Amino acid sequence: MRVSAIITTYNQPVQLEKVLWGYAGQKSAAFELIVADDGSGPETTEVIDRVATESGLDVLHVWQADQGFRKTEILNRAILAARGDYLIFSDGDCIPRADFVSAHMRLASPGCFLSGGYIKLPDNVSSR
């Protein structure tokens, strides 16, 4: 099974960096990572390029110009760019557990989908 993890972002490079490092630390490296970017500035591109270089993570950056909130449109563009036959969706401020991708791979079943939750951390914890 080929897996594509798609994360959405918009002008949150500090949070996105933490998320990218979370994907770099996955127990399973058998996935492609796509950042679906709804018009962020150059700081976001710089973070993606730097973390990809430092971590060896293969990241595809799908970007569209900022014309207001168009999250669903950038998600559609990312889906079209995805090579996986199993798609995982998350947001650019949700740091994945180390077993996030492998749990999806283990629990995947034809005709079914998985839904999960998250724990919202206080800003002072996230900043550490």
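Rings of Phe, Tyr and Trp (its six-membered ring) count as a pair if their centres lie within 6.5 Å; planes under 30 degrees apart are stacked, over 60 edge-to-face, and the rest tilted. By that rule, a search of the whole structure finds two aromatic pairs. The model is predicted: local features need pLDDT of at least 70, side-chain atom pairs count only at pLDDT 80 or more, and totals for chains, interfaces and linings use all residues. Residues are numbered from 1 along each chain as its sequence is written, and side-chain values use heavy atoms, with hydrogens and water left out.

**Aromatic cluster**

- Tyr23 and Phe31 form a tilted pair, 6.0 Å centre to centre, with 55 degrees between the planes.
- Both of these residues, Tyr23 and Phe31, are buried. Buried means under 20% relative accessible area, exposed over 50%, and partly exposed in between (1.4 Å probe, protein chains only).
- The rings of Tyr23 and Phe100 have centres 6.3 Å apart and planes at 80 degrees, so this pair is edge-to-face.
- Tyr23 sits in helix H1 and Phe100 in helix H4 (residues 100-107), so the pair ties together parts 77 residues apart in sequence. Helices (H or I, at least four residues) and strands (E, at least two) are DSSP runs, numbered from the N terminus.
- Tyr23 has 1% relative accessibility and therefore counts as buried. Phe100 is partly exposed, at 24%.
- Ring pairs link Tyr23, Phe31 and Phe100 into a cluster.

**Helix H2**

- H2 covers residues 42-55, 14 residues in total. Its first and last C-alpha atoms are 20 Å apart, close to the 20 Å expected at 1.5 Å a residue. That expected span is 1.5 Å times one less than the number of residues.
- Thr44, Val47, Ile48, Val51 and Ala52 are the buried residues of H2. Seen down the axis, they fall within an arc of 120 degrees, so they line one face of the helix. The arc is taken from the directions from the helix axis to the C-beta atoms.
- Those buried residues pack against strand S1 (3-9), helix H1 (13-24), strand S2 (32-37) and strand S3 (59-63). Contact here means heavy atoms within 4.5 Å.
- On the other side of H2, Pro42, Glu46, Thr53 and Glu54 are exposed.
- Gly56 follows H2, and its phi is positive, near 80 degrees.

**Cysteines**

- The structure holds zero disulfides, a disulfide being a pair of cysteine sulfur atoms within 2.5 Å.
- Cys94 is partly exposed, at 22% relative accessibility.
- Cys112 is exposed, with a relative accessible area of 54%.
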